[in-house]
Amino acid sequence: MGIYRELARNEGVFRILFSQLTARFPFGMLSIIVLLHMQEQFGEYTAAGIVLATQSIGQAISGPLSSRLMGRFGMRRVLWVTSVLCSGFIVLIAFVHLPLAVTALISFSIGLTTPPITPAVRTLYPRLVPGKQISALFSLDAAAQELIWVLGPVIAVFVAAQFGTAVGLSVAAAFMLFGGAWFIMSRPVGVVKIPPSKASLGAVLKRPTVIIATVIGFFFVASFAAIEAGVVRAFAPAAEGGHSSIESGIVLAVFAGGSLVGGLIIGHRPLRPWSLAIRIGVVLIGTAACLVSLNIWWLSIVLFIGGLGTAPTFAGISSMIGSTVKFSETAEAFGWIGTGQLVGVATGSAIAGVAIDAMGAQGAIIVSTGLILVAGVVALATTKWVPDLKDRDIEQPPETGTITLPLP
């Protein structure tokens, strides 16, 4: 834990860490609440999957675009506008019952205006700590973000069960607006300037590491969307139209808890060419084991084990990008990676919704296992492009014209 104590000596690092976690907290709630809200509104999981998919498609489009806009207009301006618009659309979908097509359009708008918190903060990190501490900071971020997935599903299901899904969506919107304000007003957000990229949109995708991270992220996160839907369905009441029981939130929280533990004890280790494949393999074992039984205790145990590889995988992806992409291109790179992950959510949610209607919860688990298997195969096939960071500090490639106002 000594390396994490060293991080604490850097002024402002923990404030940035916890404020951005608060701003991103709604995303631990939204998927499950939207799933429940749409199933309640339209009476089927396929409709819920469609709505979630349109939201994810909107986010996928906005990822690289909003990241480049931060270089042109500044982080604060872009984050303020998107936070206000996105929270407003969430409240609208919560209280206004509309036809599926219109609801899907509003959901698309939620995705399109999603605040680019993740690209912003992961662009800031290399400017907040020395190179030898960046890997540990990425690891701590990946581990700490699991608090979103530990507490988010539990709070989401509890609020939905006690007060209704509309109230749950309103709570998520409040976290987005007020958590976003805390992060936006943090000093580094106004001090560090992202220089506009001189390259055209998408040019960063020519870097093999960005393509690898985007493709792996697509299948990796798609598997999570599918397993989440499967767990929710496994503990849904037999009667149509009822709320999901609290058991689904608990199981998903345990899954995220395993990721939190894995991030703290494994994620800070230097990235090696085989690291991503090994870490994804751990998640595959836990996911596949869910097919044995839908008992709450069994699911909790095997998903906790699978979770041990989750945060370390995300930390490894961040370290890979941080060591191979120039500062002016980092935000866009993380934007594209986010796009891959969000298209993965769209794909995973949609396929899982159809699989649930056809085969029940087991169908979604089969989908999740297949998706994570593909992620592992991709990681195995691309090891020669993954940098070996053992005994190396993470340093971004040099460039000219970088505009960075140093923090005190």
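Q: In this predicted model, where buried means under 20% relative accessible area and exposed means over 50%, is Phe 224 buried or exposed?
A: The relative accessible area of Phe 224 is 17%. Since the cut-off for buried is under 20%, Phe 224 counts as buried.

Q: What kind of aromatic pair do Phe 220 and Phe 224 form?
A: Phe 220 and Phe 224 are four residues apart in helix α12 (residues 208–234), and therefore about one helical turn separates them. Their ring centres lie 4.7 Å from each other, with 65° between the planes. Because planes over 60 degrees apart count as edge-to-face, the pair of Phe 220 and Phe 224 is edge-to-face.

Q: How many residues apart in sequence are the parts that the pair of Phe 25 and Phe 175 ties together?
A: The two rings form a tilted pair, 4.7 Å centre to centre with 40° between the planes. Phe 25 belongs to the loop between α2 (13–24) and α3 (26–42), while Phe 175 belongs to helix α10 (residues 165–184), so the parts tied together are apart in sequence by 150 residues.

Q: How are helices α13 and α16 oriented to each other?
A: The axes of α13 (residues 246–265) and α16 (residues 310–322) come within 6 Å and cross at roughly 55°. Angles of 65 to 115 degrees would count as roughly perpendicular and those under 35 as roughly parallel, and therefore the two helices α13 and α16 are oblique.

Q: Which residues in α16 meet α13?
A: On the α13 side, the contact involves Phe 255, Ser 259, Gly 262 and Gly 263. By class, this contact of α13 with α16 has three nonpolar, four polar and no charged residues. The residues in α16 that take part are Thr 310, Ala 311 and Pro 312.

Methods:
Residues numbered from 1 in each chain as written. Predicted model: local features only at pLDDT ≥ 70, side-chain atom pairs only at ≥ 80, totals over all residues. Heavy atoms only, no water. Axes fitted to C-alpha atoms, helices over the stretch in contact; angles between N-to-C directions. Parallel < 35°, antiparallel > 145°, perpendicular 65-115°, else oblique. Contact = heavy atoms within 4.5 Å. Nonpolar A, V, L, I, M, F, W, Y, C, P; charged D, E, K, R; others polar. Phe/Tyr/Trp six-rings, centres within 6.5 Å; stacked < 30°, edge-to-face > 60°. Buried < 20%, exposed > 50% of the residue type's maximum accessible area, 1.4 Å probe, protein only.
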